[in-house]
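Please read the points below with the model open beside them.

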Amino acid sequence: SSLVESPWEVTIIASKLVDLGLIDVMLKDGSRKPSHWACPPQSLVITPSGNAFLSGFRNAVLLEEVRERLAGATKSHQEVAQDLAPTSYLWSLGQTEKCELEKLLSGVTGPHGRPMSVVDSPASTIITAMPSINEMRDHMKPVHMEDRGDIERFELATGRWQRSTLGKAGAYRTLFAGRRYFYHDGSGNSFEGGFELVKLLAALDSNMSLHGYDSGSGSFECIIGCEPPGLYRRALVSCSGILPRVEDGKVIYSDVPRELASHLLYKLYN
């Protein structure tokens, strides 16, 4: 926390580290507070566009060794600085195949002796393994929320939280026992979850879409603050190796194949 200007930036950094595959975090049931975290072994992730990026554990010694081993087998190397996140290390592979990369990186280990792996386009695997929106809804924790004057409702038309009373169905948040987000259904029941999930459920109630795909640019787009829940974001980031950019009120993930975007939208909206 000594490295950031505002306390809330710690949560943003942690979320970005997870999306980049640099750490894994387990959250406590019904909240966004972490119960455990771990740093996975180093891996070279191949993207659908034929590039690759470094994920998992890293340090200066490991980076230098990976650079040296890939220097003669890749077209180019790029380092992309990112806001409130570590630098992304990218390689353009050209005609180099996965089996060749595995041979080149054989024997590369971290300080705990964990070997390096090469992972080919994990996005589809992640999306297939993730629960659908209906499965997420079924596992949300039922909660009893009282209106203590601090209730805010997410207004889909403006994309903003507004002071409200607990009434019609929608996405809500409160400061009771810390910042908490919950979905309130038309029957008067409330279910706690992450802000991305409760906003998505509210959008489904209103037959609205918070996400879309631009096939011309290969971009998966979201309204700011409405990114897909959980590891769906990691799947999208793994298509390029860099975090999404923010542009014209949207969060935009680059280099996402059409089939993958279609699969993700089906899991979220069907």
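The notes that follow concern a predicted model.

1. Strand S3, burial. Strand S3 covers residues 43–46, and both of its faces are covered. Ser43 and Val45 point to one side, Leu44 and Ile46 to the other, and all four are buried.

2. Strand S3, partners. S3 runs antiparallel to strand S4 (residues 51–55), and four bridges join the two. Within this pairing, Ile46 has Ala52 of S4 as its bridge partner. S3 also pairs with strand S7 (residues 117–120), here in the parallel sense and again over four bridges.

3. Positive phi outside glycine. Asp248 has a phi near 55°, positive although the residue is not a glycine. Asp248 sits in the loop between strand S16 (245–247) and strand S17 (250–253), and is exposed at 72% relative accessibility. Asp255 has a positive phi of about 60° and is likewise not a glycine. The loop that holds Asp255 runs between S17 and helix H8 (258–269); with a relative accessible area of 38%, Asp255 is partly exposed.

4. Helix H6. Is this helix enclosed or open? Helix H6 spans residues 195–205, and eight of its 11 residues are buried, so the helix is largely enclosed by the rest of the structure. The buried set is Glu196, Leu197, Val198, Lys199, Leu200, Leu201, Ala202 and Ala203. It includes the charged residues Glu196 and Lys199. Just after H6, Asn207 takes a positive phi of about 55°.

5. Aromatic pairs. The structure holds four aromatic pairs. In one of them, the ring centres of Tyr181 and Phe195 are 5.7 Å apart and the planes meet at 55°, so the pair is classed as tilted. This pair links distant parts of the chain, with Tyr181 in strand S12 (residues 180–184) and Phe195 in helix H6, 14 residues apart. Tyr181 is buried, with a relative accessible area of 13%. Tyr181 and Phe195 also belong to one aromatic cluster with Phe154 and Trp161.

6. Cysteines. How many disulfides are there in the whole structure? The search finds zero. For Cys226, the closest cysteine sulfur is that of Cys222 at 8.1 Å, which is too far for a bond. Cys239 is in no disulfide either, and its nearest cysteine sulfur, also that of Cys222, is 12 Å away. Both residues are inside: Cys226 is buried at 2% relative accessibility, and Cys239 is buried at 0%.

7. Salt bridges. The count comes to 12 salt bridges. Arg173 and Glu152 meet with an N to O distance of 2.5 Å. Arg173 is in strand S11 (residues 170–174) and Glu152 in strand S9 (residues 152–155), so this pair ties together parts that are 21 residues apart in sequence. Arg173 is buried, with a relative accessible area of 16%, and Glu152 is buried at 16% too.

8. Further salt bridges. Glu155 pairs with Arg153, the closest N and O atoms being 3.5 Å apart. Of these two, Glu155 is partly exposed at 23% relative accessibility, whereas Arg153 is buried at 11%. Salt bridges that share partners also join Asp19, Glu196 and Arg233 into one network. Arg148 and Glu146 form another salt bridge, with the closest N and O atoms 3.9 Å apart; the cut-off is 4 Å. Arg148 is exposed at 53%, and Glu146 is partly exposed at 44%.

9. Surface patch. Val25, Leu27 and Trp37 make a nonpolar surface patch of about 310 Å². Val25 lies in strand S1 (residues 24–27) and is partly exposed, with a relative accessible area of 31%.

How values were computed. Residues numbered from 1 in each chain as written. Predicted model: local features only at pLDDT ≥ 70, side-chain atom pairs only at ≥ 80, totals over all residues. Heavy atoms only, no water. Buried < 20%, exposed > 50% of the residue type's maximum accessible area, 1.4 Å probe, protein only. Pairing = 2+ DSSP bridges. Disulfide = S-S within 2.5 Å. Patch = residues over 30% accessible without salt bridge, like charges linked within 9 Å, V, L, I, M, F, W, Y side chains within 5 Å. Areas by Shrake-Rupley, 256 points an atom, 1.4 Å probe, with all protein chains shown as cover. Salt bridge = Lys/Arg side-chain N within 4 Å of Asp/Glu carboxyl O. Phe/Tyr/Trp six-rings, centres within 6.5 Å; stacked < 30°, edge-to-face > 60°.
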